[in-house]
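Keep the viewer open as you read.

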Amino acid sequence: MKRIVGAMLFGLGVLLVVAAVGLPLYVAPAVSQLPYDLERSESVAESANAEFLQIKAGAANIERGGLRSTVEVVPQPKITDEKMTGDLEGKAVVWDVFQSVRRIDNNEMINEYSTQLAVDRVSGAAAKWDAAWLEDGTDQPANYAGQVYKFPFGTEKKDYPVFDREIRKTVPAQFKEVTEVRGVQAYRFEQTVPEAELVLAESSLKLLLARFAPEAKTARLMYTNTRSFWVEPVTGSYVDVRDQPRKVLVPDVGQPTVLLSADFRYNEATVIASAERAADNAASIQMVRLWGPITLGVLGLLAIVGGGWLALRGAGRRAAAESVEEKRAGSHRADKDGKDAEPEAPTAETPTAETPTAETPTAETPTAETPTAETPTAETPTAETPTAEAPTADAPTADAPTVVAPSADSTERTVPDQRSSAERPAAR
């Protein structure tokens, strides 16, 4: 039984070790990438005291107040299946993203945009896809590149190029520190977008000049931004984001006008939800990539050692039992052979017992009439009587009837002994 249990444990241990090796090699890569059926997500960032441009009923005004920016990511599995072909097949997913900026006090729309892009499933960076588009009122091509809405799985402590939608370019986000957000370890990156001129539509330029610089003939829209990203390193997901955009209208005549100055940051609900989601996903990946293989490997080795020990111990006991059984069987056979050999001894002596039968009477009565003593009577002298004693010493029980038999015969045919008592052999 122990051999069977040991063999089963040994086999189980081998399977566990194989699983421990296979998890990080085959399963971990499968879970460390964006799924096709990713659920839609929403993040909300707020700026408590922002300065912003609001155009309403054809009139442009600078307002102050709270702003709320909402970004909604909607994965498109059907479009992914249809459009992600060639080099992108199985490597990228299609996302639709919508962003709106509204006033907190009255929920009036201040700005919005929508886009569709392909995202690499592992790196989280924008994949090169000619069908990508971005609608923000500027009629510029998207030109997506670098990290857009997340960082890579297995984010490292290094700089990453992050795409800026306003300038359609990537700007490095520098690694700053390791910190925690709601109990979740996070890498903080900081991106500083240097001052750049934005494209301004002709209709928008005329409206702004008429309101803020009526004497100017032209103007430039200057933009800068400072962003901070708190990234959970295992999944590359944002757990917190801070965005500090600034836009200034600089006319050729007159004073610059600030069109936007805000400090957006994830609200508490978004931070909590993002941290929990990132922690759960990171735990699942770490289980497959690290803790699962370690646990299975240890259990597998223990099962192999335990199973091998039980199997060897069971084999040893069985061998010992077989040895004992074999010895017992040998002893039993020896005893049986001995018992069988005992009756064979007199059987072997049986012919010799017949011989003294004829000789013994010659010792007591040298009769010539006895047919059995025809040959030995002439050859056997009285001095040969010791030959009758040898079988007596070896097997007295066999000689006793041998002596008695002739005496029974002598009662029928008695021949008086003519010798004197001195000549007669002593009676035994």
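What follows is a short report on this predicted model.

## The chain as a whole

The chain is built from eight helices and 12 strands. Of its 428 residues, 36% count as buried.

If you look at contacts between residues at least 6 apart in sequence, 61% of them join residues at least 24 apart.

In soluble globular proteins, nonpolar side chains tend to be buried together. Here, the largest nonpolar core has 25 residues, and Phe151, Phe189, Phe229 and Tyr238 are the ones with the most contacts inside it. Several elements each supply at least two residues of this core, including strand S1 (41–56), strand S8 (184–198), strand S9 (219–232), strand S10 (237–251) and helix H4.

There is also a second, separate core of 20 residues, which includes Tyr113, Leu134, Ala142 and Tyr144.

## Phe151 and its surroundings

Leaving aside neighbours within four places in sequence, the residues in contact with Phe151 include Ser123, Gly124, Val162, Ala173, Val231, Thr235 and Gly236.

## Aromatic pairs

The structure holds nine aromatic pairs. One of them is formed by Phe151 and Tyr160, an edge-to-face pair with 5.3 Å from centre to centre and 70° between the planes. Tyr160 is buried as well, with a relative accessible area of 8%.

Tyr160 also pairs with Phe189: the ring centres are 5.8 Å apart and the planes stand at 75°, so this pair is edge-to-face. Because Tyr160 lies in strand S6 and Phe189 in strand S8, the pair ties together parts that are 29 residues apart in sequence. Phe189 is buried, with a relative accessible area of 0%. Phe151, Tyr160 and Phe189 belong to one aromatic cluster, together with Phe175, Tyr187, Phe229 and Tyr238.

## A nonpolar patch on the surface

Now turn to the outside of the model. Ile294, Val298, Leu299 and Leu302 form a nonpolar patch on the surface, and together they have about 360 Å² of accessible area.

Leu299 sits in helix H4, which spans residues 268–341. Why does Leu299 count as partly exposed? Its relative accessibility is 43%, and partly exposed covers values between the 20% limit for buried and the 50% limit for exposed.

Conventions:
Residues are numbered from 1 along each chain as its sequence is written. This is a predicted model: local features need pLDDT of at least 70, side-chain atom pairs count only at pLDDT 80 or more; totals for chains, interfaces and linings use all residues. Side-chain values use heavy atoms; hydrogens and water are left out. Patches are made of residues with over 30% relative accessible area and no salt bridge: like charges are joined within 9 Å, nonpolar side chains (Val, Leu, Ile, Met, Phe, Trp, Tyr) within 5 Å. Accessible areas come from the Shrake-Rupley method with a 1.4 Å probe; for residues, only the protein chains shown count as cover. A salt bridge is a side-chain nitrogen of Lys or Arg within 4 Å of a carboxyl oxygen of Asp or Glu. Helices (H or I, at least four residues) and strands (E, at least two) are DSSP runs, numbered from the N terminus. Buried means under 20% relative accessible area, exposed over 50%, partly exposed in between (1.4 Å probe, protein chains only). A nonpolar core is a set of buried Ala, Val, Leu, Ile, Met, Phe, Trp, Tyr and Cys residues joined through side-chain atoms within 4.5 Å. Contact means heavy atoms within 4.5 Å. Rings of Phe, Tyr and Trp (its six-membered ring) pair if their centres lie within 6.5 Å; planes under 30 degrees apart count as stacked, over 60 as edge-to-face and the rest as tilted.
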